[in-house]
Amino acid sequence: MAAALNVPLTTSTTTVTTIPQMTKGEEKVDYLNLPCPIPYEEIHREALMSLKPELFEGMRFDFTKGLNQKFSLSHSVFMGPMEIPSQSSETIKIPAAHYEFGANFIDPKLMLFGRIMTDGRLNARVKCDLTENLSLKANSQLTNEPHMSHGMVSFDYKGKDYRTQFQLGNGALFGANYIQSVTPHLSFGGEVFWAGQHRKSGIGYAARYNTDKMVATGQVASTGLVALSYVQKVSEKVSLASDFMYNYMSKDVTASFGYDYILRQCRLRGKIDSNGCAAAFLEERLNMGLNFILSAELDHRKKDYKFGFGLTVGE
Amino acid sequence: MATALNVPPATTTTTLPQMKKEEEKVDYLNLPCPIPYEEIHREALMSLKPELFEGMRFDFTKGLNQKFSLSHSVFMGPMEIPSQSSETIKIPTAHYEFGANFIDPKLMLFGRILTDGRLNARVKGDLTENLSLKANAQLTNEPHMSHGMVSFDYKGKDYRTQFQLGNGALFGANYIQSVTPHLSFGGEVFWAGQHRKSGIGYAARYNTDKMVATGQVASTGLVALSYVQKVSEKVSLASDLMYNYMSKDVTASFGYDYILRQCRLRGKIDSNGCVAAFLEERLNMGLNFILSSELDHRKKDYKFGFGLTVGE
């Protein structure tokens, strides 16, 4: 709820000597006009985009064809070594190949995504604006294997300076979260969830502080997760990001540091981890609608090296 | 040996068609020197068998002076390990190779050492104008897996002969002779003392400006035929047939080789259901980007790799 603090704008006198006071007055926060915050699940968005590109191993080819303004089809082929779980500590890979067909319908009020793969997995997403402030999102993943399919529905309400979300999933999964702007730069939020199938419940808190040049977020959850991230936009083309994850139940710590160069013809993201993992991801625009991708991940601790290249055709 | 056939040229212009016809007569005393016996399939090999790899490769060559250069080569990626089942199993590996090259018109020395303990050395020296010595050694950590070979090559006017000695009592000799300006025949014998095997083989090669056709038969059961056609300055097509009449194994492959200004693209398809392509692109002077892919549809094994080569 917005605090009932009214700050009348000072009318400036005609003399130049009160100009410092006028700017000081405008810096006072107008608590009735705070911006709407980022949705709760996207609170780490900038850090995730910079630090977690879609690394892969082998070859990837994506082809997207738009049939009209709103509807497009996509074909995606992947071939390469896939890791299989093994008893020994060594990493074992077997060459695998699959093809994924997808269809997208994009409308201002309704978005539908469907994907199906040759190994029998179906992925469907729906995003629909029921009214101006209330939207519905649904997500389902169906597989051949029994008991491995799941689906989730969520209702999002966007208020003036707050957002709230209520989620329902299969296996008696309930969740709710709420995030509120407290100043033009700072927002706080919290969430609760209950998973009936696993008899687990949890509560979590998050905070996000962002200006034009930086974003700092923090999140704590009763499942043991503590996540902090900081992204600094050094210039138009360069931004640096760092991330810290700590699980106080399993005493697992990971710190990572990365960079994100967005240049005219390419986008290069690189990161290094406290687990001894260095990764880089390059997307180069060869032509209008033709992108060439190079992906590399070197895990020095597990001695696992993954390299891949790919081509993306279509908008 | 050259036959003693002399053809005097004609002198008047009315006999111009006849003069051409007479110049087409082969001057058997002036045949060109043939290709060395082991390089008889050279064009087909260069087009059809590029160095395909899987993973990432980075090569850096630094020239210290005109004749001496060092090379550093890093390779990381999944390597296939032999497994009992029919499935292909790969384990990520990485190695680094250091090499030194000394290149002189009369003497060439190459040395390479890998982090897994393998050493590879090659020497090529011209003892006289016609006689040259080549030596080759591969040493490893594992016992009984190292081997070395020495060969003496004599280059005559229109023939070449070679004598080879290797460890494990390996002896070999081969001889190749030009019979016309386009055709050459050759033969080889070898004796491997350690395996108690001996063999004899024959080869023939016919080449013009635009095509090369070769054939080879050996008593080990190998029959190899190849044909390379240079379609234009930039494009050449090659095909290859290998047949082993002992084990009844047949492989036919067909490939293309595009040599363009900025890149070289080689592709091939096999009768074993294997499709491969290899692209080398010159990004800059001394900077080459390599893409390699091999899809074996029969064994369902897919290998993709990229690499960067720095230095001349």
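## The largest nonpolar core

In this predicted model, the largest nonpolar core holds 17 residues. Phe307(A), Phe309(A), Phe304(B) and Phe306(B) touch the most other members. Four strands each supply at least two residues: β18 (290-299) and β19 (304-313) of chain A, and β18 (287-296) and β19 (301-310) of chain B. The largest share, four residues, comes from β18(A).

Take Phe307(A). Beyond its neighbours within four places in sequence, Phe307(A) contacts residues including Phe56(A), Ser295(A) and Leu298(A). In chain B, its contacts are Gly55(B), Met56(B), Met76(B) and Phe306(B).

## Two cavities

The structure holds two cavities of 30 Å³ or more. β7 (150-158) and β8 (162-169) of chain A each give at least two lining residues. β8(A) gives the most, with three. By class, this lining has three nonpolar, three polar and three charged residues.

The second largest cavity contains about 30 Å³ of space. Leu51(A), Arg269(A), Lys271(A) and Phe281(A) are among the residues that line it. Here α2 (45-51), β16 (266-273) and β17 (277-287) of chain A each supply at least two. Five lining residues are nonpolar, two polar and two charged.

## Confidence

The model scores ipTM 0.81 and pTM 0.83. Chain B has a mean pLDDT of 88, and 92% of its residues reach 70 or more. Over residues 1-22 of chain B, the pLDDT is below 50. This stretch has 16 contacts in the model beyond near neighbours in sequence. Where pLDDT is low, predicted coordinates should not be read in detail.

Terms used: Residues are numbered from 1 along each chain as its sequence is written. Chains are lettered from A and ligands numbered from 1 in the order in which they are written. This is a predicted model: local features need pLDDT of at least 70, side-chain atom pairs count only at pLDDT 80 or more; totals for chains, interfaces and linings use all residues. Side-chain values use heavy atoms; hydrogens and water are left out. A nonpolar core is a set of buried Ala, Val, Leu, Ile, Met, Phe, Trp, Tyr and Cys residues joined through side-chain atoms within 4.5 Å. Buried means under 20% relative accessible area, exposed over 50%, partly exposed in between (1.4 Å probe, protein chains only). Contact means heavy atoms within 4.5 Å. pLDDT is the predictor's confidence in each residue, from 0 to 100. On a 1 Å grid over the protein atoms alone, a cavity is a set of points where a 1.4 Å probe fits but cannot get out, and a pocket is an open set with protein on both sides within 12 Å along at least five of seven lines; lining residues have an atom within 4 Å of a point. Grid points are joined across faces, edges and corners, and a volume is the space filled by probe spheres set on the points. Ala, Val, Leu, Ile, Met, Phe, Trp, Tyr, Cys and Pro count as nonpolar, Asp, Glu, Lys and Arg as charged, and the others, Gly among them, as polar.
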